Amino acid sequence: MLTYIVRRLFAAVILLFVVSAVAFSIFFLVPRLAGATAEDLASRYVGKSAGAEQIRATAEALGFTDPIWVQYGRFAKGLVAGADYPTGPTTEHCPAPCLGYSFLTQNPVLPDLLDRLPVTLSLAAGAAVIWLVAGVATGVLSALKRGSIFDRAAMGVALAGVSLPIFFTGLLSLSIFSYAMGWAAPGGTNPMDAANPAEWAYDLLLPWITLAFLYAAAYARLTRSGMLETMNEDFIRTARAKGLPEHKVVLKHGLRASLTPILTIFGLDLGLLLGGAILTETTFSLPGIGQYAFLALTNNDLPKVLGVTLIGAFFIIIANLVVDIMYAVVDPRVRAK
Amino acid sequence: MKTTRLIAAVAAGAIATTGLAACGGSSGGANDSSGDTKATGKFNAAVGNVFNPSDAKGGTLRYANSGDWDSLDPADTYYGYSWNFIRNYGRTLTVFKAGPGAPELVPDLAESLGKPSADAKTWTYTIRTGVKFEDGTPVTSKDVKYGIERSLDKKTFPQGPTYFNDFMDLQGYTSPYQDSDPNKLGLKAIETPDDQTIIFHLNRPFSGMDYFAQLPATIPVPATKDTGTKYKEHVISSGPYMFKTNELGKKFTMVRNPNYDPATDPDSGRKPLADNLEVTLNVNADDIDNRLQSGDVDIAIEGTGLQSAAQGKVLSDAALKAKADTAATTRLWFTSLNADVAPLDNIDCRKAVLFAADKTGYQRAYGGAIGGDIATNLMPPLIPGAVKTDLYGAGSKPDGDIDKAKQALQACGQPNGFATNISYRAERPKEKATAEALQQSLAKVGIKLTIKPYPLADYTKLYAGKPDYAKKNKLGLMVYGWGADWPDGFGFLSQIVDSRVIRAEGGNTNLGIKIPAVDAMLDKALETTDTTAREKIWGDIDKAVMENASALPGVWAKGLLFRPDNLTNVFVNNGFGMYDYAAIGTSRK
């Protein structure tokens, strides 16, 4: 197992470099292929009255005048060995892995991302617990009570959950539960400023529920269909015939067998969210990686966009690895192989 | 039975989860507004007047920003709200007075407005004595000079304006960071013969130097505390507040500067009423509007007005409308006519467009009367020297003067009309609506417009603002907006009517206006130190451009601002076109 994990981690590093090269090409090479000059790119990062001379100087300062492979080489070198950046009176060292400096704020990208990571982690982890428990529980109940009012109502709510966009449900829930009723924290509250865990949870309550609502709906439908299929399997009939208690039949045999596809999706979903829950964070003004990504995109701040892409890829790779290991835990058939 | 127990257990889990979701903690959240004194007002109560005037100090003013500053560093900022807010932590040589009337430039760090030489190329200011930085160090003319020197370094500070780069006799000087002078004060274009005197040497006559003197770049910076790009993390204050915390991109807080002495600040009109300032960044714009109404936020700092959703709600509710103000701004929404694209090289064809255009439709595209007034010419009325010049029936036939448009088409040799393209910024629905309104109204006289949307970020740099692209792609009409850097003819007109600032590499807001007589009048205005005579020239330039039919003025923009009940001493500062952030207070303790 250890060899397997080490091999996977090594492959992950290679994959990250491939992702960085592809992403770098998309952000830096494609505009050049489309005809944009170094000055065209630099003109986004200067004031509105900047003249040709200033634009040229900015293009040089940001490295746009170099060939694309030199630019990528500089980025890759920063990842491995760090890089130096001028601050004006002095030069600042950005230690490896250096994801570069923002074109606009001229701050290093990685510390910004790490600073914002706890918010995204808090949001994703809390929401994941809620959607997993609520979604799977609703799915199991719906499957066991197939065709009942509960089943129909739950699936109706699930349909609404997957259909309603977060920027709608988020703003609506803020208006009702925060501004009208005062039950929840207002938008723009930074949970990392909370004095204790209870306040932290209170600050995140609406974002958690809003985000979980979207995912729980999909998980409920997925669990329901999986359970309906599994509960008709021969081994369930065998388990019942053996005289096993029903809760053991459902939880140990039915649910466990249905969990494998859910686990796969869960790993991907969580990995994606750790790379930034863009809509939830921008709707609730949470200073996490998702909001950072949104701002970077709207401002064309390419080093930030590249940084978010890499950290997102990192989490997806790690989440997939964890899921693969978890397969063995959940499914004895995988372990046997 | 067992199945029932199982279902009950699972259900309990689900309910517990839901319960966890519904119950909240007791801390944070709803705003405790105890101590509020509620003021009642009426629509536009803070326009031209001070609403809820007060000298009471205390409390925390809570600002929210739907975006982020370009930079808090005075050398690197170009946003209007930033220039408004920066008066809280920096003192410029001159400043727009904090008051509800017409924009008035008054001395701030300087004892008086600038004293020009006869040729308006040399300007002298005397720094007040007794002004101190937050650490108690006295502010001298050398700190002002150093602040301006570093703002010249566009490699380190690329985002600020370039007026000092363009108008000073730099003699090759680039940056204090490349300066061989031991005190980093080697710029010869600025002299500091003593600690109180600062003398500017310009490379050409310029009568509006006092406007340059209000730029944030004239805020003093102590050279020993300068950390270059890191300085924005803690700007050393010379104003009434100083930074307490600063989480870049998230939030910053300010407290009173103990070394600020109001006795050294008799002219600016500043009233530092609140004890603390708290600014939250990157807050969802619609959420800010909701929080303003719920009392959770005091001021939407960008000052551009409520979003469309909140506008409708506020205007349809008398109680909410009584808390709103429409602030006139120095922004014009207009459409440029490109004389490089035939047949718009013919003045009569351009006139046909101006006559036929539906001016009411243009105004509707920007939200009707709330969005602004129909513009008859370029300069918004707030700008001194602006004169209404209605040559194309904006007042008499605002829906379009079809008869005169047809006559103009006859004169230009296109009696059946012609076809051309109109561009707009794809992400801006108001500009799309403008293009559609013009397409419909111009079609009535046979002028067929094909609509071409382009991405906002590169609109001026790569597309509509790039002469060769616009010509090649036959962009005859280009939907634009332009806001003055400050309410003055030079601040408004210099970038949109001077043919000599049209850059081949793009980034232009003007492509169409190329009138030698206008260029000459601009030069004349720059040399004219008599204010009244200079302002008359600005009005004449505006009229000359309209006579040349080079641009279709659309709307003089307004913003619908919202003032929560707890705000005191609220008024729109016409120098910035938004609430004044240097004299506003709160009754919420």
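Q: What do the axes and angles of packed helices refer to in this predicted model?
A: Axes are lines fitted to C-alpha atoms, for helices over the stretch in contact. The model here is predicted. With axes set up that way, the angles are taken between N-to-C directions and run from 0 to 180 degrees.

Q: At what angle do helix α1 and helix α4 of chain A pack?
A: Helix α1 covers residues 2-33 of chain A, and helix α4 covers residues 68-81. α1(A) passes α4(A) in a right-handed crossing. Their axes are 11 Å apart, and the packing angle is about 145°.

Q: How many residues of the contact of α1(A) with α4(A) are nonpolar, polar and charged?
A: On the α1(A) side you'll find Ala21(A), Phe24(A), Phe28(A), Leu29(A) and Arg32(A). α4(A) brings Ile68(A), Gln71(A), Tyr72(A) and Phe75(A). Sorted by type, that gives seven nonpolar, one polar and one charged.

Q: Which helix gives the most to the side of domain 1 of chain A that touches domain 2 of chain A?
A: The domain assignment puts residues 2-109 in domain 1 and 110-336 in domain 2, with 33 Å between their C-alpha centres. Across the boundary, 22 residues of domain 1 of chain A are in contact with 19 residues of domain 2 of chain A. The domain 1 side divides into 16 nonpolar, four polar and two charged residues. The top contributor there, with ten residues, is α1(A).

Q: What percentage of the residues of chain A count as buried?
A: Chain A has 14 helices and two strands, and its C-alpha trace spans about 85 × 55 × 40 Å along the principal axes. To count as buried, a residue needs 20 or more other C-beta atoms within 10 Å of its own. Of the 337 residues of chain A, the share that gets there is 43%.

Q: Which helix gives the most to the side of chain A that touches chain B?
A: The contact takes 64 residues from chain A and 55 residues from chain B. Several helices of chain A each supply at least two residues to that side, among them α5 (109-144), α8 (197-230) and α10 (246-274). By type, the chain A side divides into 31 nonpolar, 26 polar and seven charged. With eight residues, the one that gives the most is α5(A).

Q: Is Ala324(B) buried or exposed?
A: Ala324(B) is found in strand β12 (residues 324-337) of chain B. Beyond four places in sequence, its contacts are Phe43(B), Val314(B), Leu560(B), Leu561(B) and Phe562(B). The cut-off is 20 or more other C-beta atoms within 10 Å. Ala324(B) has 24 of them, so this residue is buried.

Notes: Residues numbered from 1 in each chain as written. Chains lettered and ligands numbered in written order. Predicted model: local features only at pLDDT ≥ 70, side-chain atom pairs only at ≥ 80, totals over all residues. Helix = DSSP H or I, 4+ residues; strand = E, 2+ residues; numbered from the N terminus. Left-handed = near helix turned anticlockwise from the far one by under 90°. Contact = placed C-beta atoms within 7 Å. Nonpolar A, V, L, I, M, F, W, Y, C, P; charged D, E, K, R; others polar. Buried ≥ 20, exposed ≤ 12 C-beta atoms within 10 Å, placed from the backbone. Domains from an automatic or database assignment.
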